[in-house]
Amino acid sequence: FRGGPPPAITRRHKSFFTVEMPSGADGLGAARVASTITYPAKPPAGRHSGRLMEPSIWPRIAPIWPSSTHFPHPVDSLHEEDDTRLVDVEDGRTCAEPPTLDSHGFELCRSPCVATDLDDAAQLEAYLAQTARLVQRATRADLVVPFHHVRIDTARDRFGKRGGAVERVHGDYTAASGPQMLQELGECGVLPPRARTMRRGAILNVWRNVSSEAVRSKPLALCHVGSVAPDDVGVYYLVEGGEGRAERRMGMNLSLHYSPAHRWSYFPRMTRDEALVFYTYDGRADEPRFTFHAAFDPLPDTAPDAPPRVAMIVRCAALFE
């Protein structure tokens, strides 16, 4: 993807896609909840932040990252330690000006789900097409191609250390793995040949609750891109597990280390008719580039009988002329 000046950004104070919600009742801004957010701690000298992934999970997440990357260090150099912090998380529904992709790196979109059964191949295809249209309109991209999707049920799956939801703050791609992933998608034919000459590439996630009930546990918290400083950012390795492997494939996440300057938002009780769209890699020269995110439990709001969270995550490549 060729370099060049970034396109002009027009801040959309009221996007067609943004769910309109009332401003904070106290007139002082958005409502907030105090909750714990789990950051990765900085590793000791000579160690590398990351962990081995269970062999049963690896095939479901491996397509997220370039296939040609292998972990270049001894497995015993991996280090994982939580740095759990009590932070204020803003209710994005009550912001006077709702967060947008341009201003925050993420946006809540009104988008009634076209599918009732995502196990049905035809309905899944229709849903992926709907998702591509949503991203194209939200980003003004010239080409959008979904390339990976996964459904995560917190009662069944173990993508995170403590269950299906990933509670560690992370970004899906680094400045190296993002463009490498786009290049590989072109080489294997997922992207058309014209993608190679397009000036800018990006990867976005579309996160949707696909349960019949509103989300009441493990909602997604997202960090405002403008509140992250370069010194806050590191690399986190997700390494293929299993015995007797001479080489181990890896995925590279960005890790975010705690700063009191970080600003967090979430959207409580998301339904099937809403979708969160956010950048996980953006190849333009200005912000936003990466949106850090994590599942969490809003302390005052999570009931012991809250149903499992069932979410569909679709990753899309977005290309710009």
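Analyst: Buried means under 20% relative accessible area, exposed over 50%, and partly exposed in between (1.4 Å probe, protein chains only). This is a predicted model: local features need pLDDT of at least 70, side-chain atom pairs count only at pLDDT 80 or more, and totals for chains, interfaces and linings use all residues. Residues are numbered from 1 along each chain as its sequence is written, and side-chain values use heavy atoms, without hydrogens and water.

User: Is Cys-316 buried or exposed?

Analyst: The relative accessibility of Cys-316 is 0%. The cut-off for buried is under 20%. Therefore Cys-316 counts as buried.

User: How many disulfides does the count come to?

Analyst: A disulfide is a pair of cysteine sulfur atoms within 2.5 Å. By this rule the count is 0.

User: What is the order of the strands in the open sheet?

Analyst: Strands are DSSP runs of E, at least two residues, numbered from the N terminus. Two of them pair if DSSP finds at least two bridges between them. The edge strands, each pairing on one side only, are β5 (106-110) and β6 (143-153). The pairing is antiparallel, and the order is β5-β13-β8-β15-β6.

User: Which residue in β13 is the bridge partner of Ile-203?

Analyst: Strand β8 covers residues 200-209 and strand β13 covers residues 274-282. They run antiparallel, joined by 6 bridges. Contact means heavy atoms within 4.5 Å, and Tyr-173 touches Ile-203 and Tyr-281, among others. In β13, the partner of Ile-203 is Tyr-281.

Key:
Helix = DSSP H or I, 4+ residues; strand = E, 2+ residues; numbered from the N terminus. Lists of a residue's contacts leave out its neighbours within four places in sequence.
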